[in-house]
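This report describes how a protein model surrounds its ligand and then turns to selected features of the chain. Please keep the sequence and the structure in view while reading.

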Amino acid sequence: MSKKEPMINPWDISEKINYGKLMKEFGISPMKSLPKAFTKNILFRRGIVFAHRDFQRILEAIRDKKKFVMMTGLMPTGKFHLGHALVAQQMIFYQSLGAELYIAVADIEAYNARGQSIEESRKIAIEEYIKNYIALGLKPQNCEIYFQSDRSKDGKKSNAYYRLQNLLAKHSTFNEVKAIYGEISPGKMLSALLQGSDMLHPQLKEFEGAIPVVVPVGIDQDPHLRLARDISKRIKSPKFIQLSSTYHMFLPGLKGGKMSSSDPSSFIALTDSPKEVESKIKRYAFSGGKDTLEQHRKHGGNPDIDVSYQYLKMFFEPDDTKLKKIHDDYKSGKMLTSELKQILIKKMTAFLQEHQKKRKLAEKQIDKFIYK
Ligand code: TRP
């Protein structure tokens, strides 16, 4: 019997990600040229959101001024860090384009995949995630944040959401699940189907009815999208519009690899103090510079693997001309690693100080986003 290894497991992703290879294997398309509304955003302009499925449908909805939904979710474990902020920025961007936002707190998934209690998930979701979303600029209008374990106060809506999970189960097979994820526990299987319901339920009549939905995620989540897309095609009633999705690169961790909330020396949390930020960057941020000053001046550094440069590119230096100058100066050896780090530290602490003030004010707003 030939046993095929799953290509990526959403609950356990390895350090090195070969985006090109994954795109080929999964059949995901590279992001093509985008309208101006998108290229104004650095995540799209700089290719950090780099690939998609059926994104055309969303572009058409925007062009034709038709309604569409942005749906995504968060697994509430650990500290809210810069990697999470990358997703938040996309939510806020779609909100500015007029999308209806649906945001799932994956507390059931955290329970099944991480053994974290529902109470703990709720606490972390509010304290870490939702407060930071609000401080980053998420607005309560056309935005609903819900818990997988507690979909809605409205029984009709709640029932429809859980009913859909079962409908998806009915239209799937064990072999199909196995081909996508490998051997997984029944709990994880239920989580995968619930995530399917997360992504598809906005199209139920109890919610928006058939409507284009875009799901912005990291590429590790694509198995869930494939499952939901495949199953939903088989369902005759209700008839779903095929899901669209976009994929962003992972923000690198300080030492390279992935930014992970389980390793404090890999992330910058949005609640880190200026002192912590300075010492983390100086101590940990992986440098693309050369070993000695002479070598660096002579051969220059490599911005493509330098984590400080990557943070400026993905987050903190929106001005393309300034970014290019930093890139070129570093590459030529004119700029040293210590100087590059100093630029980042300055930008980052300014941003975080402002953010942390807003975060204090966010407290009072939380009820406007949940318990709908
Ligand atoms: N599985 C996602 C994660 O681990 C969280 C999630 C739950 C999600 N439901 C979703 C993501 C729906 C996108 C769409 O982070």
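Which atom of the ligand is 2.8 Å from an N or O atom in the side chain of Gln221? The atom is a nitrogen. A polar contact here is a pair of N or O atoms within 3.5 Å; within protein, one must be able to donate a hydrogen and the other to accept it, and residues adjacent in sequence count only if both atoms are side-chain atoms. Gln195 also places a polar side-chain atom 2.8 Å from a ligand nitrogen, and Asp198 has a polar side-chain atom 2.8 Å from a nitrogen atom of the ligand. Of the 370 Å² that the ligand exposes when taken alone, the protein buries 90% (accessible areas by the Shrake-Rupley method with a 1.4 Å probe; for residues, only the protein chains shown count as cover).

**Basis of the model**

The model is predicted: local features need pLDDT of at least 70, side-chain atom pairs count only at pLDDT 80 or more, and totals for chains, interfaces and linings use all residues. Residues are numbered from 1 along each chain as its sequence is written, and side-chain values use heavy atoms, with hydrogens and water left out.

**The shell around the ligand**

There are 14 residues around the ligand, and Gly73, Glu109, Gln195, Asp198 and Gln221 come nearest (a residue is near a molecule or strand if one of its heavy atoms lies within 4 Å of it). The elements that give two or more residues to this shell are β3 (69–74), α10 (186–200) and β6 (213–218). Helices (H or I, at least four residues) and strands (E, at least two) are DSSP runs, numbered from the N terminus. Strand β3 gives the most, with four residues.

**A salt bridge between helices**

A search of the whole structure finds 27 salt bridges (a side-chain nitrogen of Lys or Arg within 4 Å of a carboxyl oxygen of Asp or Glu). Asp320 forms one with Arg45, and the closest N and O atoms are 2.9 Å apart. Because Asp320 lies in helix α15 (residues 320–332) and Arg45 in helix α3 (residues 42–45), the pair ties together parts that are 275 residues apart in sequence.

**Backbone features in loops**

The peptide bond from Ser237 to Pro238 is cis, with omega near 0 degrees. Pro238 is placed in the loop between α11 (222–234) and β7 (244–248).
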